[in-house]
Amino acid sequence: MSVRQSLLAILDQGPCYGYQLRAEFDRRTGSTWPLNVGQIYNTLERLERDGLVAKDEVDAEGHVYWRITDAGSDAVREWLDSPVERTTGTRDELAIKLSVAATLPGVDVASVIQVQRTASLAQLQELTRAKYAGGDPDGAEELAWSLVVDSMIFAAEAEVRWLDHVEQRIAGHPGRAMSLTLSADKPKRGRPAKATTEARRA
C-alpha cells in the first residue's frame, strides 16, 4: 500500500511519466527500496482503474504522462493524515522460524538463534557504516536516505534485542517441555478460530 500511496503523493505535485515516477520515488526514499518500471506501470493501471489517476498528454519523446484526479488528491490527504496500521497477526519469517524450531525435537535452538544473531549484527554494522553517496550531504535527498537507513538500524537493533529475549525464554524451558510430537487428533475442516487477546493472556 505504501508504494501505491507514495506514487499518488508524488503525482499530487504534478504529472509524471513512469520512469520519472521511479526516479522521484528513489529520490524521496534514498534509493533504499528500488522499484522496477513494470511495478510502476502496474500500480498506475490499478490507480487508473480506481479513478485516482488518469492518462494525460504524451510528449515529443513518446512519454505518457499521468495526472492525479481529485479523488486521488483526497486519497493522498487521507493517507498523510492517518496512522500506519500495524496488523495484529504476524507472518514474520524469523518469528515463525524460531517458534517452529523451538517445538521440534532434537533441534539446537540456541544454535539457530546464534546463527541469526551473527547475521543480524553483521547487517547492523553494515547499516551503521553506510555513507550517503549522493551530492549535497545536507540536502533533502540525504535526509530522506538517512530517515530510511535510521529506520533499518532501529529495526536491526530491535531484532538483536528480541533474539536475546528469545534465548532467555528458551533457556528457561527444558527441551522435553518444548518439544511437540505430531498430534494424532484429526483437525476439523475450515480455518481455525482466532484466539482473542484475552484468551492468549489466560
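We'll take the pockets, then the salt bridges.

Mentor: This is a predicted model, where local features need pLDDT of at least 70 and side-chain atom pairs count only at pLDDT 80 or more, while totals for chains, interfaces and linings use all residues. Residues are numbered from 1 along each chain as its sequence is written, and side-chain values use heavy atoms, with hydrogens and water left out.

Trainee: What volume does the largest pocket have?
Mentor: A pocket is an open set of points on a 1 Å grid over the protein atoms alone, where a 1.4 Å probe fits, with protein on both sides within 12 Å along at least five of seven lines; lining residues have an atom within 4 Å of a point. Volume is the space filled by probe spheres set on the points, which are joined across faces, edges and corners. Here the largest pocket comes to about 620 Å³. It has 20 lining residues, with Ser 2, Gln 5, Ser 6, Trp 79 and Val 84 closest to the centre. Two or more lining residues come from each of α1 (2-11), α2 (18-29) and α4 (70-81), helices being DSSP runs of H or I with at least four residues, and strands runs of E with at least two, numbered from the N terminus. α1 has the largest share, five residues.

Trainee: Which helix gives the most to the lining of the second largest pocket?
Mentor: That's α7, with five residues. The second largest pocket has a volume of about 280 Å³, and among the residues nearest its centre are Trp 162 and Arg 169.

Trainee: How many salt bridges does the structure hold?
Mentor: Side chains of opposite charge can pair when their charged atoms come close. The cut-off is a side-chain nitrogen of Lys or Arg within 4 Å of a carboxyl oxygen of Asp or Glu. This structure holds ten. In one of them, Glu 24 pairs with Arg 28, with the closest N and O atoms 2.2 Å apart. They sit about one helical turn apart, because four residues separate them in helix α2.

Trainee: Is Glu 24 buried or exposed?
Mentor: Buried, at 17% relative accessibility; the cut-offs are under 20% for buried, over 50% for exposed and partly exposed in between, with a 1.4 Å probe and protein chains only. Arg 28, at 43%, is partly exposed.
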